[in-house]
Amino acid sequence: MKTFKEEYQEIRKALKEELSKSSTEAVPKIVKITLNVGAGQAVNDSNYIESVRTELAKITGQNPVVTKARKSIAGFKVREGMPIGIMVTLRGQKMYDFLNKLINVALPRVRDFQGLSPKSLDGKGNYTVGIKEHIVFPEVNLDNIEKTFGLAVTLHTTAENNDDAKALLGKLNFPFKK
């Protein structure tokens, strides 16, 4: 049985002919995956950041970074330096493992899943998926959950335009809406 990385290398070779690129290195590839969680509830609950951080560490297998507010915003009761989010950047083998888990396990478990929107490409070949509940990942133990949280998953590619990125993601069996 092939690993996801080996399948990915074969997909890139097939894309070379499909996109009529001169070499395999000219074919778009996924560089990194970033996961972001906005933890605005941390203003009222100090333990929320730590619980989100441990859940995200279970999902990704990597220690997340807590992001802090750059400016004070009185309307939101946010002060400069307060923790307001968590992020993880995945590269290498962890990136391929997470991508495999996202496509084959997590997305099919999303409630009322109709497919991913092809409009989420940003014009430079990057694709962002919003997941409303983190409980779709198999590592999450439902008995220990206090609150669910949503996360944004961004795939950063070397594609120069949306068409090349969509071709790459389509070959990776991303479930786009028809």
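## Aspartate 164 in helix 4

Helix 4 spans residues 162-171 and contains aspartate 164. The model described here is a predicted one. With a relative accessible area of 12%, aspartate 164 is buried, because buried means under 20%. When its neighbours within four places in sequence are left aside, aspartate 164 is in contact with Leu19, Lys21, Pro28 and Ala159.

Helix 2 covers residues 48-60, a total of 13 residues. At 1.5 Å a residue, helix 2 should span 18 Å, and this agrees with its end C-alpha atoms, which are 18 Å apart.

The buried residues of helix 2 are Tyr48, Ile49, Val52, Glu55, Leu56, Ile59 and Thr60. These residues lie on the same side of helix 2, because the arc they cover around the axis is only 135 degrees. Their packing partners are strand 1 (30-38), strand 2 (65-68), strand 3 (83-90) and helix 3 (92-106). Just after helix 2 comes glycine 61, with a positive phi of about 75 degrees.

## Packing of helix 1 against helix 3

Two packed helices are described by the angle between their axes and the distance between the axes. For helix 1 (residues 4-18) and helix 3, the angle is about 90 degrees and the axes are 9 Å apart. The two helices are therefore roughly perpendicular to each other, a description that applies to angles of 65 to 115 degrees.

Helix 1 contributes Phe4, Lys5, Tyr8 and Gln9 to the contact, and helix 3 contributes Gln93, Tyr96, Leu99, Asn100 and Ile103. Of the residues in this contact, five are nonpolar, three polar and one charged.

Technical notes
Residues numbered from 1 in each chain as written. Predicted model: local features only at pLDDT ≥ 70, side-chain atom pairs only at ≥ 80, totals over all residues. Heavy atoms only, no water. Helix = DSSP H or I, 4+ residues; strand = E, 2+ residues; numbered from the N terminus. Expected span 1.5 Å × (residues − 1). Buried < 20%, exposed > 50% of the residue type's maximum accessible area, 1.4 Å probe, protein only. Arc of directions from axis to C-beta. Contact = heavy atoms within 4.5 Å. Axes fitted to C-alpha atoms, helices over the stretch in contact; angles between N-to-C directions. Parallel < 35°, antiparallel > 145°, perpendicular 65-115°, else oblique. Nonpolar A, V, L, I, M, F, W, Y, C, P; charged D, E, K, R; others polar.
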